[in-house]
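Thanks for coming. I have one structure to go through, so let me put it on the screen.

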Amino acid sequence: MDKHEIITRLNEITSYFSFGRILGYISFFETVGIESQLKHGQESNRDRLLSTEIDFLCGLWLQNVNLAKNWDIIKDEEIRKEVYGLMDDLHNLYRDSQDFGDLFVENYFYEGDLAYNWQYIKFAKEKYNEQILSFKLREEYEFDTTVIESTFNKIITTLENQIRKRINEKRRKNEYVCPLNLFTV
């Protein structure tokens with residue numbers, strides 16, 4: 001399957017209200033207990049989902065859910081396995097791509113806990129230090145490609161601060177936080 005076909009299938013699956021059970025299973029199996037975490041260390045990537053992948057699936061469900069659409073609970077395990085397979089296929093397509101844009105997506109989305117920031121910065125330096133692109137960025141946008149790492153760190157810090165500030169404001173005012181906003185910036 002190509003990326004478009006995978007996303008189309010994920011959109012279809014997540015349009016079912018029943019997919020909420022799948023999210024529950026995934027969250028339970030991925031996060032419960034040290035025993036589970038140790039077991040995961042022995043599993044292939046195909047049998048694991050990162051927190052960013054789970055967040056992505058939650059966001060798709062919140063975006064696509066139709067409360068009237070359900071499947072029989074007996075299909076849950078089959079659907080759960082299909083979702084793991086689709087997410088692994090999507091990851092592999094990004095990881096194995098020769099396109100720099102896909103490599104950025106792979107590094108940024110699949111890093112899970114910011115552990116790959118160094119790799120994201122490394123690829124950015126390689127991409128933007130290419131002579132023609134570097135010249136164009138400097139001349140047209142006054143962007144110095146030697147500050148890519150500090151720029152990246154400032155963007156991350158700014159986003160984290162904005163999110164923290166919004167959460168604190170909502171808490172102070174006892175305002176409702178829309179679940180969809182938990183998965184999007």
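At the start of α1, Asp2 has a side-chain oxygen that comes to within 3.1 Å of the backbone nitrogen of His4. Bear in mind that this is a predicted model.

Staying with α1: the helix covers residues 3-13, and its buried residues are Ile6, Leu10 and Ile13. Looking down the axis of α1, the buried residues fall within an arc of 60°, so they line one face of the helix. The spacing is what one expects, because an α-helix has 3.6 residues a turn and residues three or four places apart point the same way.

Now the chain as a whole. The protein chain has 9 helices and 0 strands, and the pattern along the sequence reads α-α-α-α-α-α-α-α-α. Of its 185 residues, 30% count as buried. The chain exposes about 12400 Å², with carbon and sulfur atoms supplying 55% of that area. Take the contacts between residues at least 6 apart in sequence: 70% of them join residues at least 24 apart.

Next, the aromatics. How many aromatic pairs does the structure hold? There are 2 aromatic pairs. One of them is Tyr16 with Trp71, a tilted pair, 5.2 Å centre to centre with 45° between the planes. This pair links distant parts of the chain, 55 residues apart: Tyr16 is in the loop between α1 and α2 (19-31), and Trp71 is in the loop between α4 (51-64) and α5 (76-95). Are the two partners buried or exposed? Tyr16 counts as partly exposed, because its relative accessibility is 22% and the cut-off for buried is under 20%. Trp71, with a relative accessible area of 11%, is buried.

The other pair is Phe17 with Trp61. Their ring centres are 6.3 Å apart and their planes are at 40°, so this pair is tilted. Phe17 lies in the loop between α1 and α2, while Trp61 lies in helix α4, so the pair ties together parts 44 residues apart in sequence. On accessibility, Phe17 is partly exposed, with a relative accessible area of 40%. Trp61 counts as buried at 18% relative accessibility.

Back to Tyr16 for one last item. What sits over the ring of Tyr16? The charged end of Lys69 does, 4.4 Å from the ring centre. So the list for Tyr16 holds an aromatic pair with Trp71 and the charged end of Lys69 over its ring.

That is everything I have on this one.

Notes: Residues are numbered from 1 along each chain as its sequence is written. This is a predicted model: local features need pLDDT of at least 70, side-chain atom pairs count only at pLDDT 80 or more; totals for chains, interfaces and linings use all residues. Side-chain values use heavy atoms; hydrogens and water are left out. Buried means under 20% relative accessible area, exposed over 50%, partly exposed in between (1.4 Å probe, protein chains only). Helices (H or I, at least four residues) and strands (E, at least two) are DSSP runs, numbered from the N terminus. The arc is that of the directions from the helix axis to the C-beta atoms. A polar contact is a pair of N or O atoms within 3.5 Å; within protein, one must be able to donate a hydrogen and the other to accept it, and residues adjacent in sequence count only if both atoms are side-chain atoms. Contact means heavy atoms within 4.5 Å. Accessible areas come from the Shrake-Rupley method with a 1.4 Å probe; for residues, only the protein chains shown count as cover. Rings of Phe, Tyr and Trp (its six-membered ring) pair if their centres lie within 6.5 Å; planes under 30 degrees apart count as stacked, over 60 as edge-to-face and the rest as tilted. A charge sits over a ring if NZ of Lys or CZ of Arg is within 6 Å of the ring centre and within 35 degrees of the ring normal.
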